[in-house]
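Me: Could you walk me through this model, starting with how its chains meet?
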Amino acid sequence: MIILDPDVVVAGGGIAGLSAAIAAGRAGASVLVVEAAPKALRGGNARHARNLRLMHAAPTDLMPGAYDEAEFLADLGRVTEGETDRAVALRLIRASADIPDWLAGCGVAFQRPGGSLPPSRKTAYFLGGGKAVINALYQEAARLGVTVWHAAELVGLTGGRDLAIDIHRADQRYTLRPGALVAAAGGHQADIDWLKRDFGPAAERFAIRGTPFDTGRVLRRLLEAGARPAGVPGRGHLVAVDARGPRFDGGIVTRVEAIPFGLVIDRTGNRLDDEAADRARTHFAKWGRLLAERGDAVLILDADGERRAPVPALEPIRAAALDELAAKVGLPPEALKAAATAFNAKGSAARIATPPFAAIPMCPGLTFTHFGVAVDEAMRVRMPDGEGAANLFAAGAIMAACVLGRGYLAGLGLTIAIASGRLAGEAAAQYVRSRDART
Amino acid sequence: MPEPDTAPEARRILRICQACMYCEGFCAAFPALGRLRDLSEDDLDHLASLCHGCRDCYFACQYAAPHVFDVNVPRTLARVRQASYAKHAWPRGLGGLFRSNGRVVALSAAVAVVLALAATLLLVPSEALFAAHRGEGAFYQVIPWTVMAGAAAAALAWACLGLGLATASFWRAIRPAAVPSRVLIRALPQAMADIVTLRNLAGGGTGCREAEGTGSQLRRALHQSMVAGLGLCVLATSVAGLYGHVFGWQAPYPVLSLPVLSGLIGGVLLTVGAAGLMLLKRRAAPEPLAPETLGGEAAMLALLAAVGATGLIVLAVRDTAAMGAALALHLGLVVGFLAVLPASKIVHAPFRAAALLRDAIERQRATAETRRNDGRNER
Ligand SMILES: Cc1cc2nc3c(=O)[nH]c(=O)nc-3n(C[C@H](O)[C@H](O)[C@H](O)COP(=O)(O)OP(=O)(O)OC[C@H]3O[C@@H](n4cnc5c(N)ncnc54)[C@H](O)[C@@H]3O)c2cc1C
Ligand code: SF4
Ligand code: SF4
């Protein structure tokens, strides 16, 4: 079935878009999902995600204890240092409570804690990770009769009462006039030129940890149409990743987790910072920022350090002696040896003493940016007057900066995407229904 | 096509899994991988036998092709598994046969059937062969008991010896060091439960997959049916042997007797299970499968289905003139089945049991370890 004037068009077939499509479909709307990626790569960044943050009043079979609205909001306030739209955040936090049931109704399976999975009070884990979730949601959408166009990109948007969008698909251009649009096309982190404008030339060295299809085209069209921006350009979640990993879609496995067990030096042999100062999960973000500011660097480990660190996805570069290692990774040998001697002299727990020595070249890896569009509590895109546009909704990473102006909380990306997607999908279907009732 | 060197490819992929572990809830292979660091060849063989080939981790993999990491755990472990069968095969020379397994299984079965039919035709006077036999000792009027029992016993002994020695060699390679009997005693029932329930085909509760989309417990159920059916058939045969040669009661037995009833139910379960699995295979998406392992699997399933079906036919026609030919066919297939066992996909059963035992031992140790650490933390 090809519907050319669907009730609702969802731009973006990531987890926010699918949540919106399913919600709108269940509310009775005809829905078309336009997904830029081909089928094998569809689903956006949720493919790389594992857990999500959920409010719950009492222990559940997935999470012990309780995590109430106030504590959730307080956590959010802390990491964002207040840069959050409280009303929108509260709406999404409340909507998170029944996400497990809703997802289970879509055929999504969670992994019960136990065995190798320690119980977590604030987040729940998917069985098999986010790709399994994406597969289930696409299947549920198909069951509901949602049409999906793969390798199809939204390229043009005319807002206002006579909403119109242009889609580019298989060398053809389609102009559609849907009743409502849900913009769920993610952030703009895959557009390196845009990143260079916001982050400076360092962006040339960024690995983009997620999908190459998040080019920010929809975000740009919305801003051009007058949508109010949210967040701050040039701010993003950066972590240290293995520079040998792929430019895009390296996901979670290229993140360098061994920093506290070794020595980090830049290309001239200078030590970057105290490696072991901070072992909390937040140290990842600190190192990402440092690499962006100071240039690429190399993590040096000795055999003991390597053994104590988790197994990295890519085998480190190894050598029996430090100068040999320096040659292999292109560092000045004398500088490496001097840095190792100085490092050992400091008497920290990690040492560079036992061969074979290992090196992991590192570069900054961008997870997402803190920039997007602002929405109101019904996920309507806020226009210049601050009011939400009646037929224009946004969900997921494209509006996440409105809740997460800076920082990050584990599992929040998916929670925002699913909660906002559902709300946007329902609201879009509702809008179309009431419009049809009027005419 | 040259044989791909499986071990380096398996290590490359499993490192990525070690760093990722998103699939840890599907089966025992991932937690076992998480307990390891460097992967010796024996570790790889162990993990490969722990993998039950449910394919869930392929469809859920964020790094499956077209991603450059090209992670494909089910296919890679199927290759490692097949190589480990060859490595531990007894007699050693059988190892090479695993490479062309489909043909070997089919050929041996065919040879056995032809021999059985030919021998029957040559040795049994045609009046006796095509006459309807009824009453005590009817089967043995067609094929003398010594021939029937002798061929079966020889084939059985060969099969047990081959499987047993191969499994012993595999266990020696993968067994954990110095297992105190206390740990072993706790681990054994765990391993038994994993073997009997096929827990690792349950996909963490969501079932296994032939293609992307919803999983189901169908494959697990069919496999259970096949195994239970095979078990009942073995029971039927042994009980019949006991009746005939210890108690002196001559076959054929009435329908409501233990050998016939268990043979009947067993034959149906075996045939349905094996045929169902063959049908499922036709629906399977090719990506997570290793093509070079498919022939042997398909041939073995076909042979099992044929053994079950011909057994049922013998029961159905035992009062008619067709009994002689049916019996010869069935016996030929059984002997063929037993003859190919040490070089067949059936090796997976005892190897997997061995791997599950090592896994249960490791889990016992890990729990003991956490308990000790928890005690420390409380201080
Ligand atoms: C490596 C990594 C790990 C993560 N881990 C976690 C985690 O464990 N927990 C968590 O909560 N969050 C995690 N996140 C964040 C989380 O993945 C995202 O917040 C979430 O997936 C956003 O979903 P989305 O649907 O809004 O956007 P996206 O996932 O970015 O999807 C956008 C979709 O829109 C499509 N698209 C883009 N442009 C167009 C266009 N012009 N026309 C049509 N379609 C278009 C894209 O192809 C894509 O499919 C992780 C992110 C990364 C990168
Ligand atoms: S199969 Fe893929 S998703 Fe699963 S653990 Fe391995 S790398 Fe991760
Ligand atoms: S195919 Fe199934 S059994 Fe094998 S490793 Fe993957 S999840 Fe485990």
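This is a predicted model: local features need pLDDT of at least 70, side-chain atom pairs count only at pLDDT 80 or more; totals for chains, interfaces and linings use all residues.
Me: How many salt bridges does the rule find across the interface of chain A and chain B?
Reply: A pair counts when a side-chain nitrogen of Lys or Arg lies within 4 Å of a carboxyl oxygen of Asp or Glu. Arg50(A) and Glu24(B) form one, their closest N and O atoms being 3.2 Å apart. Across the whole interface of chain A and chain B, the rule finds three salt bridges.

Me: Which element gives the most to the side of chain A that touches chain B?
Reply: Two elements of chain A give two or more residues to that side, α5 (130–143) and α9 (303–308). With four residues, the one that gives the most is α5(A).

Me: How much area do chain A and chain B bury between them?
Reply: The contact brings together 36 residues of chain A and 28 residues of chain B. Carbon and sulfur atoms carry 55% of the buried area, and the total is about 2,500 Å².

Me: Which three residues supply more of the area that chain A buries against chain B than any other three?
Reply: Together, this trio supplies 23% of the area that chain A buries against chain B. The names to look for are Leu127(A), Val253(A) and Val311(A).

Me: How many residues of the shell around ligand 2 are nonpolar?
Reply: The residues around ligand 2 come from chain B, among them Cys17(B), Cys20(B), Phe30(B) and Gln62(B). Helix α1 of chain B gives the most to this shell, with three residues. By class, the shell has no charged residues and one polar, and the nonpolar ones number 11.

Definitions and conventions:
Residues are numbered from 1 along each chain as its sequence is written. Chains are lettered from A and ligands numbered from 1 in the order in which they are written. Side-chain values use heavy atoms; hydrogens and water are left out. Contact means heavy atoms within 4.5 Å. Buried area is the accessible area (1.4 Å probe) that two parts lose on being put together, summed over both. A residue is near a molecule or strand if one of its heavy atoms lies within 4 Å of it. Ala, Val, Leu, Ile, Met, Phe, Trp, Tyr, Cys and Pro count as nonpolar, Asp, Glu, Lys and Arg as charged, and the others, Gly among them, as polar.
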